[in-house]
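Hi there,

Here is the two-chain model I promised to pass on. Have a look at it first, and my notes on what turned up follow below.

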2 protein chains.
Amino acid sequence: MLKAPKHQVAGHLASDGKLGPLVDDLGRFYKPLQGEGRGSKELAFYETFSSDTRVPDHIRKFFPVFYGSQLLEASNGSGLCLHLVLQDIVSGRINPSIIDVKIGSRTWYPEASDDYIKKCLEKDARTTTVSLGFRIAGLQLYEGKESGFWKPGRKEVQSFTVDNVRSVMRRFVSSDSSIGNENPDCSFAPTIYGGPAGILEQLLELKAWFEDQTTYHFHSCSLLILFDKESVLKGSTPVAEVKLIDFAHVLEGKGVIDHNFLGGLCSLIKFVSDVLSESKASSIEADVESEKPHNCTNNGNCT
Amino acid sequence: MLKAPKHQVAGHLASDGKLGPLVDDLGRFYKPLQGEGRGSKELAFYETFSSDTRVPDHIRKFFPVFYGSQLLEASNGSGLCLHLVLQDIVSGRINPSIIDVKIGSRTWYPEASDDYIKKCLEKDARTTTVSLGFRIAGLQLYEGKESGFWKPGRKEVQSFTVDNVRSVMRRFVSSDSSIGNENPDCSFAPTIYGGPAGILEQLLELKAWFEDQTTYHFHSCSLLILFDKESVLKGSTPVAEVKLIDFAHVLEGKGVIDHNFLGGLCSLIKFVSDVLSESKASSIEADVESEKPHNCTNNGNCT
């Protein structure tokens, strides 16, 4: 009944015979507690957070629902292991396009061990974490029935430059998102990034909370952006979602805002709004073109 | 005619016989070009920035006016030396209270040398830079005619904890800001931090620009907050100002926002708005107290 998730884009995969998360058909996601105390820290976070009355309802929707913990057979056959029981956030979606963005210009925190800090610092400087305030940790873009998903490997994703990230953010909302297309049309940007329920509005809602909340500092946490390309093509209301996951390194805020997360979030917001403005500008241009009378050249001289 | 500035709170002081900035009586500030290429980088920044038409007028007021460069006798007697000629931002103020805040959760940048990065990283972790996203680099608080200024030494300022920073932000706007007063009244908060021309509004104006501008990345730059306590006591319109200084480490933004500066700025904004809300809450409390009929105890029972 439990199986490896079909749409996991980062982290350890149970499908490789390793210890990894499992899902059921009822919309639940079972995440084995990670080693070195990370798993118990993440469990403690979910327990505190789910009963924290200071968290507004409209912010809770950005987090997976927490159903507790459960002993289950581990995916690598090592026997019983405690799992977090969470909402499977891609349950019900057929072919979701997903980007996993690790937020923050640093993934370490002063309380960690020197070794951990050194390892993080090196990776932060090697990826776009330092320069952009975030890095893409994984992704899958649905291209269509024939070609399926573009899902680059871990090494390729980790070598993404700023320009690669910009390109991914455009291809994510383009009708032809294949890697060969050097000029993706961003035709889904107005419906997926834009609009009252779009990604940009959701990110701005989250940002407003981060400007004020001083309870939690989210280190090395991921922000997922996801939607179904097919539902947009079918004309059904597209449901684009923003979700936060991975809370093994959440620390107490102690009265200070999480400026590391907030800075990275603002940088991501600027990327999304840039794609949106460009797509609006090019659609106005296209409108102007299509309204021109026939047989007229670009400078308005009729032939 | 040139002399050492009276109200410099951080950096090298010409008054110690060292190479440092000088001022004249006409409101100009002469800053000798710093060594190791910093001075020429700062000059290049001022030249680019002062003619950059993308910078809106309402943002320009946060920067000292740039008048060019000039060869002058250095303050340490070492002969002629090129100086930046800038607006003296405290010119005309009698006894300004000033806080110099170095913004950003890191003062280094990947392009710098390993030694420089290491030195910065150590200092960032030792001060509040990593935890708060900013650190106080210097300050002077005017206490009154008799006691003059509280101007702690460099070592004391560098050892400030998060709690010390919070206390300084409160004492900065209190009628009795002396160190012995453990419960500063924040009585100037509504006029200095609050109001349409107050510090908070100015910081929010700056923040809106940083959410959008992708031209400049301000590393290790200082934000000054200043006002005259005496002008508030006299009842004249208080002019609280926010100014940015020190641009030896400004790099090109290359289409990415300065999330490092922005995150730190948001953290500072939260500190300022926290002091403001507390002072509003306590003044409402005081009003309620003063409206109670005489001879009534706190729980409303009349004696």
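Between chain B and chain A there are 14 residue pairs in polar contact, both residues being at pLDDT 80 or more. A polar contact here is a pair of N or O atoms within 3.5 Å; within protein, one must be able to donate a hydrogen and the other to accept it, and residues adjacent in sequence count only if both atoms are side-chain atoms. Helix H4 (129-132), helix H6 (162-171) and helix H10 (259-291) of chain B are the elements that give two or more residues to the side of chain B that touches chain A. H10(B) provides the largest share of that side, eight residues. (Helices are DSSP runs of H or I, at least four residues, and strands are runs of E, at least two, numbered from the N terminus.) Sorted by class, the side of chain B that touches chain A holds eleven nonpolar, nine polar and seven charged residues.

A note on provenance: this is a predicted model, in which local features need pLDDT of at least 70 and side-chain atom pairs count only at pLDDT 80 or more, while totals for chains, interfaces and linings use all residues. Residues are numbered from 1 along each chain as its sequence is written, chains are lettered from A and ligands numbered from 1 in the order in which they are written, and side-chain values use heavy atoms, with hydrogens and water left out.

Now the interface as a whole. In contact (heavy atoms within 4.5 Å) are 27 residues of chain B and 27 residues of chain A. About 2000 Å² is buried between the two chains, with carbon and sulfur atoms giving 63%; this is the accessible area (1.4 Å probe) lost on putting the two parts together, summed over both. B:Val130, B:His259 and B:Lys270 supply 27% of the area that chain B buries against chain A, more than any other three residues.

There are also four salt bridges between the chains, counted when a side-chain nitrogen of Lys or Arg is within 4 Å of a carboxyl oxygen of Asp or Glu. A:Glu211 forms a salt bridge with B:Lys207, and their closest N and O atoms are 2.7 Å apart.

Best wishes

Key:
Ala, Val, Leu, Ile, Met, Phe, Trp, Tyr, Cys and Pro count as nonpolar, Asp, Glu, Lys and Arg as charged, and the others, Gly among them, as polar.
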